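Let's explore a structure together, one question at a time. Have the sequence and the 3D view ready.

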Amino acid sequence: MTAALMERTGLDDGRLTTLVHAFYGKIRKDAVLGPIFDERIADWEPHLARMVEFWSSVALMTGRYHGAPVPKHVGLPVDWSHFERWLALFRETAHETCTPEGAAHVIERAERIARSLNIAVTDAAEAAANPHAVPRLG
Ligand code: HEM
């Protein structure tokens, strides 16, 4: 499975490491997103290593990532406009660092995960603001 994905997308550990480092280089310089990350990440090396494992799991099904992203994002001061900005930088970096097939592969997955993280963040904020409301379905 991993070998077939690598073959089809041109992605491997080296390429994903380049993508992750270039992407967070841009994130840290971004006027809106940079401060949100810098306030929470004191040591970037472990974060970058974790993100390479995450992308290796998501893009190449290697099972190397064992974390839980949702709780890390719930409570962040973000709405969909922040995710759109995150995705714009991610798409740009993916095209700069990956083959066209590799870029399309990681972008499709990033878009899907961004939408689900945004739902989790929004639902948690609504639940905190209105604790007795019936949760929204779907
Ligand atoms: C508005 C956009 C986003 C912001 C501001 C944001 C911010 C952050 C921050 C501050 C952390 C570190 C949390 C901590 O260690 O306490 C983090 C971790 C992480 N983020 Fe995001 N993020 C965003 C979007 C995304 C998206 C779209 C993805 C996936 C495609 C993603 C995947 C992850 C993962 C996997 C971690 C590591 C979680 C762990 O510790 O295992 N993030 N993010």
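Before the first question, a definition: an angle under 35 degrees counts as roughly parallel, over 145 as roughly antiparallel, 65 to 115 as roughly perpendicular, and the rest as oblique. Keep in mind that this is a predicted model.

Q: Which word describes how α2 and α4 lie to each other: parallel, antiparallel, perpendicular or oblique?
A: The axes of helix α2 (residues 13–29) and α4 come within 9 Å and cross at roughly 125°. Angles of 65 to 115 degrees count as roughly perpendicular and those over 145 as roughly antiparallel. The two helices α2 and α4 are therefore oblique.

Q: Is the crossing of α2 and α4 left-handed or right-handed?
A: On the α2 side, the contact includes Leu16, Val20 and Tyr24, and on the α4 side it includes Leu48, Val52 and Trp55. As α2 passes α4, the crossing is right-handed.

Q: Are α6 and α7 roughly parallel or roughly antiparallel to each other?
A: Their axes, those of α6 and α7, are 10 Å apart and meet at an angle of about 170°. Angles over 145 degrees count as roughly antiparallel. So α6 and α7 are roughly antiparallel.

Q: How many residues of the contact of α6 with α7 are nonpolar?
A: Among the residues in this contact are Phe83, Trp86 and Phe90 of α6, and Val106, Ile107 and Ala110 of α7. Two residues of the contact are polar and two are charged, while the nonpolar ones number eleven.

Q: How many residues of the shell around the ligand are nonpolar?
A: The ligand is surrounded by 20 residues, and Gly67, His82, Trp86, Ile113 and Ala114 are the closest. Three residues of the shell are polar and three are charged, and the nonpolar ones number 14.

Technical notes
Residues numbered from 1 in each chain as written. Predicted model: local features only at pLDDT ≥ 70, side-chain atom pairs only at ≥ 80, totals over all residues. Near = placed C-beta within 6 Å. Nonpolar A, V, L, I, M, F, W, Y, C, P; charged D, E, K, R; others polar. Axes fitted to C-alpha atoms, helices over the stretch in contact; angles between N-to-C directions. Helix = DSSP H or I, 4+ residues; strand = E, 2+ residues; numbered from the N terminus. Left-handed = near helix turned anticlockwise from the far one by under 90°. Contact = placed C-beta atoms within 7 Å.
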